[in-house]
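Reader: I'm new to this one. Can you walk me through it?
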Amino acid sequence: MNQIEAYIKAIDPKWQAVYSELLEILKEQVPAEFELAWQYEMPTFIVPLSVFPEGYLGRKDEGLPFISLAAQKKHLSLYHMGLMGNKELLNWFQEEYKKQMPTKLNMGKSCIRLTNPKTIPFELLGELASRMSMDEWIGQYERFAVKRNSTS
């Protein structure tokens, strides 16, 4: 059993099926160039080092994270790094969420918290995962890295 399978097996039964379904949707919808890896103690779609050898934050042994999916004690967390600094994508997601969901969106800068296993917007999250190409994500990350380096 690999780390991802072991992780899913250890998830609270209340969340296990929903988590597995959402991970499968992400596997289908995240552009194929991204690689599913075990990073930060959770399944994470990354830009492989073969494509972006600079690595995340200059760490040459760590692929650039794009989307991660975690099971917390009381919710699932979908971390979409592309939402930070991409107002167009963020606004699209927030508006679509309002149209499709009766509940208030619960999110931080890149973290979407899903607190009810019966109201997961699977289709919307799949579409969100598909709306940014690897090249777009790398470009956005590089712009952020330049800006970050010029202020430190």
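Predicted model: local features only at pLDDT ≥ 70, side-chain atom pairs only at ≥ 80, totals over all residues.

Reader: How many helices and strands does the protein chain have?
Author: Five helices and five strands. Those are DSSP runs numbered from the N terminus: helices are H or I with at least four residues, strands are E with at least two.

Reader: In what order do the elements run from the N terminus?
Author: The order is α-α-β-β-β-β-α-β-α-α.

Reader: What does the C-alpha trace span along its principal axes?
Author: About 45 × 40 × 30 Å.

Reader: What percentage of the 152 residues is buried?
Author: Buried residues make up 48%. Buried means under 20% relative accessible area, exposed over 50%, partly exposed in between, with a 1.4 Å probe and protein chains only.

Reader: New topic. Where is Leu-23?
Author: Leu-23 sits in helix H2, residues 13–29.

Reader: Is Leu-23 buried or exposed?
Author: Buried, with a relative accessible area of 1%.

Reader: Which residues is Leu-23 in contact with, leaving aside neighbours within four places in sequence?
Author: Ile-4, Ile-8, Pro-43, Phe-45 and Leu-69. Contact means heavy atoms within 4.5 Å.

Reader: And how many Å apart are Leu-23 and Tyr-56 in space?
Author: They are 22 Å apart, C-alpha to C-alpha, and 33 residues apart in sequence.

Definitions and conventions. Residues numbered from 1 in each chain as written. Heavy atoms only, no water.
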